[in-house]
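Student: I have a chain open on my screen and would like to learn how to read it. Can we go feature by feature?

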Amino acid sequence: MSEEIKTSNPAGEENYSLNDDRRVKVLSPGTLVAKRFFRNRLAVLGLIMLTAMFILSFIGGLLIPYGQTEQFYTYTYLEKEYVGVTHNDEFRYLVADGQAFATILQAQFLLAQGKGQDAFEYKDVSYTISEDGPDLYSIYDADGTLLAVAAKDIVNTADGMADPSFMVKYEALKASVNGRSSFEADGETYTLDEYDNVVYNGTEIAYISRFVVAARENGIVVTRDFKEKLEEALETDINEFVYVGEDGEEHTYAISYNASAMVWSVKQETETYVYNSYASPSKEHPLGTDNNGMDMLTRLMYGGRVSLIIGFIVVFIETLLGVILGGIAGYFGGWVDNLIMRIVDIFYCVPSMPIIIILGAAMDNMKVDAQVRIFYLMIILGILGWAGIARLVRGQILSLREQEFMTATEACGIRASRRIFKHLIPNVIPQLIVTCTMGLGSIIITEATLSFLGLGVKFPFASWGNIISDVNNSYVMTAFWWVWIPAGVCLLITVLGFNFVGDGLRDAFDPKMKR
């Protein structure tokens with residue numbers, strides 16, 4: 001009977017016995033699981049999605065010529081505030097040499113002038129007001145000494161000239177408001193041209209204007225020629241003019257009026273070497289650049305690497321803690337099981353997100369290095385997430401430890417640690433693989449959420465979460481789609497891929513599945 005029996009039926013077909021290996025083909029458990037897995041189309045699709053994301057993140061980063069933190073620059077024209085201009089509608093005071101005209105006296109003068117009075121008193125001292133012309137007044141003390149001059153026009157010193165004396169400025173103001181073309185001061189004769197330029201011996205020494213031009217930065221010299229061009233633009237109510245500067249280059253100046261402050265803001269267009277921020281997709285940058293001028297495709301690749309590494313290491317920490325504690329609790333039972341399960345209950349009750357937010361704020365305050373912060377983040381997420389795996393392992397071991405093969409190991413005198421990790425844990429691995437695979441997607445989502453909130457991965461390192469966090473307003477979201485949509489798509493594909501693979505593994509490891 002042990003020999004192979006070979007017969008022929010009337011049709012001429014050969015029959016083989018049951019012990020013929022060509023008739024009976026036995027599949028190993030691993031092969032059977034793989035066969036079931038690859039028959040699941042969604043599982044295969046998930047595997048393809050994950051493979052694409054791993055190639056993009058780990059191989060793409062090696063092939064692309066740019067670095068993760070490499071920044072790109074470009075020349076562009078930026079408007080920078082150059083000067084501020086106001087039209088003087090209030091009295092300004094020229095104080096005579098050797099005299100004092102304090103703020104309180106200026107206030108007393110304004111009160112008297114507003115009431116149309118020609119004198120006022122302060123601390124039993126009488127002061128006389130003399131009107132020298134429209135919006136021009138001189139103030140004298142009780143002895144008839146000229147103290148100060150109040151005027152709305154301003155005498156500006158010409159470029160490169162010495163500041164005129166008090167009397168020159170006073171006589172120039174009187175000549176201007178009264179329409180005279182010349183005046184005398186300090187024993188010299190001066191002339192005024194039609195533009196109210198003060199001229200002495202053929203040289204312009206000052207000019208009169210009601211416009212006050214103030215430079216916005218130290219080192220800016222506002223020339224007379226520029227002021228004239230600016231006043232002409234203001235008087236003709238134009239919003240932009242071109243002026244050739246001392247460097248011989250043409251600069252465009254834009255004028256805007258702030259009604260609340262009653263100030264004209266003059267901005268200069270200058271060619272500036274700046275970050276190539278939010279550059280559109282191009283041959284050099286297929287996905288454009290971000291706010292810091294970094295290549296988005298490069299950041300996407302390195303960001304995927306960081307997100308995936310964090311996911312796998314967190315799962316490894318959770319699994320390590322869960323398997324050890326869950327295995328011990330399930331095998332020994334009794335007070336050991338009660339103690340470990342109460343610890344598990346505590347971790348289930350811990351509010352994970354508030355703790356992570358507090359720890360993230362603490363690391364911000366301590367200015368923890370960005371790379372060290374990634375390690376802290378992985379440890380924190382791993383410690384806070386092991387309780388579910390511990391409960392799963394404990395439940396599986398409770399059902400396995402009473403079976404015959406465990407009784408046999410105990411009878412053979414095998415030590416407890418070997419029985420747990422050699423005979424019990426391997427029987428839990430299928431469930432662990434499914435749980436860890438499906439948990440990877442959740443961890444990546446958690447990391448992305450924390451990074452989006454500024455509590456996870458920090459600049460200059462990239463992750464899909466902090467890439468999306470660059471979209472901090474609706475304008476960036478709608479105008480620069482290439483900054484956040486690719487990262488969001490990669491995040492979606494990765495999480496879906498892990499979920500599909502997890503579902504496929506769960507079905508493949510289930511012995512009751514028919515397919």
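Tutor: Start with contact, which means heavy atoms within 4.5 Å. Leaving aside its neighbours within four places in sequence, Glu231 is in contact with Ser209 and Phe211. The model is a predicted one, where local features need pLDDT of at least 70, side-chain atom pairs count only at pLDDT 80 or more, and totals for chains, interfaces and linings use all residues. Residues are numbered from 1 along each chain as its sequence is written, and side-chain values use heavy atoms, with hydrogens and water left out.

Student: Is Glu231 buried or exposed?

Tutor: Buried means under 20% relative accessible area, exposed means over 50%, and partly exposed lies in between (1.4 Å probe, protein chains only). Glu231 has 14% relative accessibility, so it counts as buried.

Student: In which helix is Glu231 found?

Tutor: Helices (H or I, at least four residues) and strands (E, at least two) are DSSP runs, numbered from the N terminus. Glu231 is in helix α5. The chain has 15 helices and 17 strands.

Student: How do I read a sheet?

Tutor: Look for pairing: two strands pair if DSSP finds at least two bridges between them. In this model five strands form an open sheet in the order β14-β3-β17-β16-β15, with antiparallel pairing. The edge strands are β14 (211-215) and β15 (240-244), each pairing on one side only.

Student: How far are neighbouring strands of this sheet turned against each other?

Tutor: Axes are lines fitted to C-alpha atoms, for helices over the stretch in contact, and angles run from 0 to 180 degrees between N-to-C directions. Neighbouring strands of this sheet are turned by 35° on average, direction ignored. Helix α5 (residues 224-235) packs on the sheet, and its direction makes about 165° with that of β15. The helix touches β3, β14, β15, β16 and β17.

Student: Which residue stands opposite Val244?

Tutor: Glu250 in β16 does. β15 and β16 (residues 250-258) pair in the antiparallel sense over five bridges.

Student: What about side chains along a strand?

Tutor: Take strand β10 (residues 182-185), where they alternate. Phe183 and Ala185 point to one face and are buried. β10 pairs with β11 (residues 188-192) in the antiparallel sense over four bridges. Phe183 stands opposite Tyr190 in β11. Two residues lie between the strands of this hairpin, and Asp186 takes a positive phi near 55°.

Student: Where else is phi positive?

Tutor: Asp124 is one case, with phi near 65°. Asp124 sits in the loop between β5 and β6 and is exposed, at 77% relative accessible area. Asp135 has phi near 60°. Asp135 lies in the loop between β6 and β7 and is partly exposed, at 27%.

Student: How do I read a core?

Tutor: In soluble globular proteins, nonpolar side chains tend to be buried together. A nonpolar core is a set of buried Ala, Val, Leu, Ile, Met, Phe, Trp, Tyr and Cys residues joined through side-chain atoms within 4.5 Å. The largest has 62 residues, of which Ile310, Val393, Ile397 and Trp464 touch the most other members. Helix α12 (residues 416-452) gives the largest share, twelve residues. A second, separate core of 20 residues includes Val155, Phe166, Ala172 and Ile205.

Student: How many disulfides are there?

Tutor: A disulfide is a covalent bond between the sulfur atoms of two cysteines. The test is a pair of cysteine sulfur atoms within 2.5 Å. The count here is zero.

Student: Where is the cis peptide bond?

Tutor: It joins Phe459 and Pro460, with omega about 15°. Pro460 is in the loop between α12 and α13.
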